[in-house]
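Please read the following report alongside the sequence and the coordinates. It moves from the chain as a whole to its sheets and then to one residue.

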Amino acid sequence: MAITVMGMSSCKEKKQSEDIITTKPKVEVKKPTQKVGDYETTTPTEWVGSTYQVYVQRQADPSLPLADDGQGNKYYDNKITVKITRKDGSVFFSRTFTKSDFDAYVDPLYKKNSALLGIVLDKAEGDNLAFAASVGSPDKMSDEYVPLVLKISRFGDVKISKDTQLDTGAVEDETGGGKKPANNEIDEEEDGV
């Protein structure tokens, strides 16, 4: 009898579950348009025999075409205002720059998805104030950018060029035989240390 009961139960159809187990599809959340980051600085500078205040302000500008970091993330491009005031507070120079001011110095394919990243006072040299400027990827983790030089003359003229000097910490050897350490650093091997 036990064999009959076992045989009957094994012939009986198993009850099938109607539950379907699957993974929930991931909904891709579209990131809102991001900003590179607003900032402003004021730097007192000795130039052509007087003290000037150099004010630089970067702001995201929603009216400009958006930049893309290559991963599908959108960023607002920036406008950067450079204002230079005299010792008495009067304005010597004031202009707002956008990426289009640097179009002639940036490859057309590269500038399409880039942003104006910064303009920073570098130094006063003779009749010019020299600024380092850059157009590049808006992603803060990226180091892709085009280095530029922006010079403002004592007459208020603006000259822009590509930066051809590498900031490597080395200077050209006077003999033309290559590089030597900056700031007259001594190579430890040559000194016998």
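The model is a predicted one, and its chain has three helices and 12 strands. Of the 193 residues in the chain, 29% are buried, while the chain exposes about 14,200 Å², of which carbon and sulfur atoms supply 51%. When contacts between residues at least 6 apart in sequence are considered, 43% of them join residues at least 24 apart.

Two sheets are described here, beginning with the one that contains β1. In this open sheet the four strands follow the order β1-β2-β5-β6, and their pairing is antiparallel. Because β1 (39-47) and β6 (91-97) each have a single partner strand, they stand at the edges, and one side of each is left without a neighbour in the sheet. With direction ignored, neighbouring strands of this sheet are turned by 15 degrees against each other on average. Strand β5 (residues 78-85) runs antiparallel to β6 and is joined to β6 by six bridges; Thr85 has Val91, in β6, as its bridge partner.

The other open sheet also has four strands, in the order β7-β8-β9-β10, again with antiparallel pairing. Here β7 (115-125) and β10 (158-162) are the edge strands, each with a single partner strand, so one side of each lacks a neighbour in the sheet. From one strand to the next, the twist averages 25 degrees. Between β7 and strand β8 (residues 128-136), which run antiparallel, there are nine bridges, and Ala124 stands opposite Leu129 in β8.

Is Asp68 buried or exposed? Its relative accessibility is 15%, and because buried means under 20%, Asp68 counts as buried. The side chain of Asp68 takes part in the two approaches tabulated below.

| From | To | Distance |
|---|---|---|
| Asp68 side chain | Gly72 backbone nitrogen | 3.5 Å |
| Asp68 side chain | Lys74 side chain | 3.0 Å |

The pair formed with the side chain of Lys74 is a polar contact. Once neighbours within four places in sequence are left aside, the residues in contact with Asp68 are Asn73, Lys74, Asn113 and Pro138.

Terms used: Residues numbered from 1 in each chain as written. Predicted model: local features only at pLDDT ≥ 70, side-chain atom pairs only at ≥ 80, totals over all residues. Heavy atoms only, no water. Buried < 20%, exposed > 50% of the residue type's maximum accessible area, 1.4 Å probe, protein only. Contact = heavy atoms within 4.5 Å. Areas by Shrake-Rupley, 256 points an atom, 1.4 Å probe, with all protein chains shown as cover. Pairing = 2+ DSSP bridges. Axes fitted to C-alpha atoms, helices over the stretch in contact; angles between N-to-C directions. Polar contact = N/O pair within 3.5 Å; in protein donor to acceptor, adjacent residues only side chain to side chain.
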